[in-house]
Amino acid sequence: MKKKKNFDLGTITGTCVDYTYDGKGIVRTPAKPVFVDALLVGEKADIKLNYEKSEMYFGKIVKLHNLSNDRIKPLCPVSTACGGCCFQNLNYSAQLKFKKKKVEDAFYKIAHMKVKVDDAVGMDDPYFYRNKIQMPIGLNQKKEIISGFYRMDSHEIIPIKECFIEDKRAAHIIDTLKKLMKKHKILPYDEDTRTGIIRHCLIRTSKYYPQIMVVLVTNADSFPGRGNLVKDLHKECPEITTIVQNVNKRDTNVIIGEKENVLLGRGYILDELCGVKFQISSKSFYQVNPIQTEKLYQLGIEKANLKGTETILDAYCGIGTIGLIASSKVKHVIGVEIIKDAIKDARNNAKLNNITNVEYYAEDASKFILDLEIKHQKLDVVFIDPPRKGSDKVFLDALLKLKPEKIVYISCDPSTLARDVAYLNKTYEVKSVTPVDMFPMTFHVETVALLTRILKKE
């Protein structure tokens with residue numbers, strides 16, 4: 001639903017009593033609740049009502065009357081303008097409590113289940129963790145080249161010198177790119193006129209190897225100055241090991257296009273998770289927080305309590321991460337993923353690590369598991385790591401017919417996790433639910449749940 005702009009809604013005074021799922025403070029009024037950015041529980045404020053939807057107002061803090069004990073000074077000077085972080089002003093222990101409660105609330109409100117949720121697994125240092133950085137490049141009103149992040153609900157770029165949740169090496173590379181674009185007279189893309197060349201800069205970094213990939217997303221297959229730009233960028237940033245041009249000529253919000261040209265190096269970087277090497281290309285799905293990803297996957301594998309004799313299914317397997325990590329602890333791994341390039345990467349990653357007890361299929365996970373059910377394929381453990389929308393009923397129905405002993409469900413959205421668990425609830429019981437904070441300073445949370453098949457008494 002589109003926002004209903006109304007600039008005469010006035011100002012109210014109220015106290016924050018809770019948070020929305022996306023981290024906005026909630027203030028109750030006799031008419032409708034008010035959702036307010038950067039307002040913390042227990043804080044009283046004068047709030048300007050900016051606009052309304054059918055069931056709620058959205059407001060902005062005009063004046064704070066008191067400060068929460070959990071309020072901290074944000075490291076980022078533009079945290080309230082940029083749409084990336086909603087919790088830069090909330091201390092980290094309170095963030096972890098919010099994420100635990102978010103998972104609890106999802107199970108209670110959506111699945112109608114009271115589930116014991118473990119404390120969220122946090123980071124020792126919750127800053128500078130992202131290994132994937134993607135920034136739009138544009139022009140400001142002075143026609144200067146800028147980079148940053150979009151203001152929430154807009155296409156206005158908020159210029160950012162340093163992002164405090166991204167790999168520290170990225171800032172120098174982005175600054176150098178902008179300087180060289182000016183030197184070589186290469187214009188950023190303009191969404192309104194659909195002119196200009198460079199739309200985004202994407203940077204991927206490796207935790208365990210001195211390797212960095214830079215992806216230049218462009219509005220053209222080739223452009224004057226491209227060779228000199230690449231040469232100078234590598235000269236001034238020798239830490240870059242590969243540069244890829246991704247071509248996206250479409251009028252779309254999708255960042256990455258289909259066509260690519262490798263301009264420097266091999267076109268991919270290497271990294272490791274739990275001792276297993278992975279080859280990462282520009283389009284590979286690879287978790288953005290390597291420290292927490294290792295904790296997440298180790299936790300999921302521990303919950304499965306593998307004995308070495310199991311056949312496991314790695315559904316929505318991506319480039320094969322969790323299946324390859326678990327492969328040394330099981331007899332056989334079957335992986336399925338709808339994206340063909342990801343399956344190609346998974347097979348290459350198996351070869352890279354000399355892992356031979358795995359097989360991968362480029363198919364829709366729901367159709368694939370239905371075929372397994374028809375073939376009466378025995379599965380001991382199924383690892384599910386679906387996209388944000390969760391699994392569909394075709395997949396879950398086939399899962400119920402296959403009846404694996406255990407399901408390890410890794411989810412990036414507690415709402416769809418709770419929905420899917422409720423669907424499985426008559427056949428499976430929830431043994432444990434553990435949130436893992438993959439995205440500090442944001443409202444997002446990853447969750448790993450163990451479900452075991454209910455054994456019917458004879």
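**Strands, cores and a cavity**

Strands β19 and β20 (residues 406–411) pair in the parallel sense over four bridges, where pairing takes at least two DSSP bridges between two strands and a strand is a DSSP run of E with at least two residues. This is a predicted model, in which local features need pLDDT of at least 70, side-chain atom pairs count only at pLDDT 80 or more, and totals for chains, interfaces and linings use all residues. Residues are numbered from 1 along each chain as its sequence is written, and side-chain values use heavy atoms, with hydrogens and water left out.

**Around β19**
- Val 381 sits opposite Lys 406 in β20.
- Strand β16 (residues 311–315) also runs parallel to β19, joined by four bridges, and Leu 313 has Val 382 as its bridge partner.
- From β19 (residues 381–384), Val 381 and Phe 383 point one way, Val 382 and Ile 384 the other, and all are buried (under 20% relative accessible area, 1.4 Å probe, protein chains only).

**Nonpolar cores**
- A nonpolar core is a set of buried Ala, Val, Leu, Ile, Met, Phe, Trp, Tyr and Cys residues joined through side-chain atoms within 4.5 Å.
- The largest has 83 residues, and Ile 203 and Val 214 touch the most other members.
- Apart from that core lies another of 36 residues, including Val 336 and Ala 365.

**Lining of the largest cavity**
- A cavity is a set of points on a 1 Å grid over the protein atoms alone where a 1.4 Å probe fits but cannot get out, and lining residues have an atom within 4 Å of a point.
- Of its 13 lining residues, those closest to the centre are Lys 161, Glu 162, Cys 163, Ala 170 and Ala 171.

Note on methods
Buried < 20%, exposed > 50% of the residue type's maximum accessible area, 1.4 Å probe, protein only. 1 Å grid on protein atoms, 1.4 Å probe; cavity = no way out; pocket = protein on both sides within 12 Å on 5 of 7 lines; lining within 4 Å.
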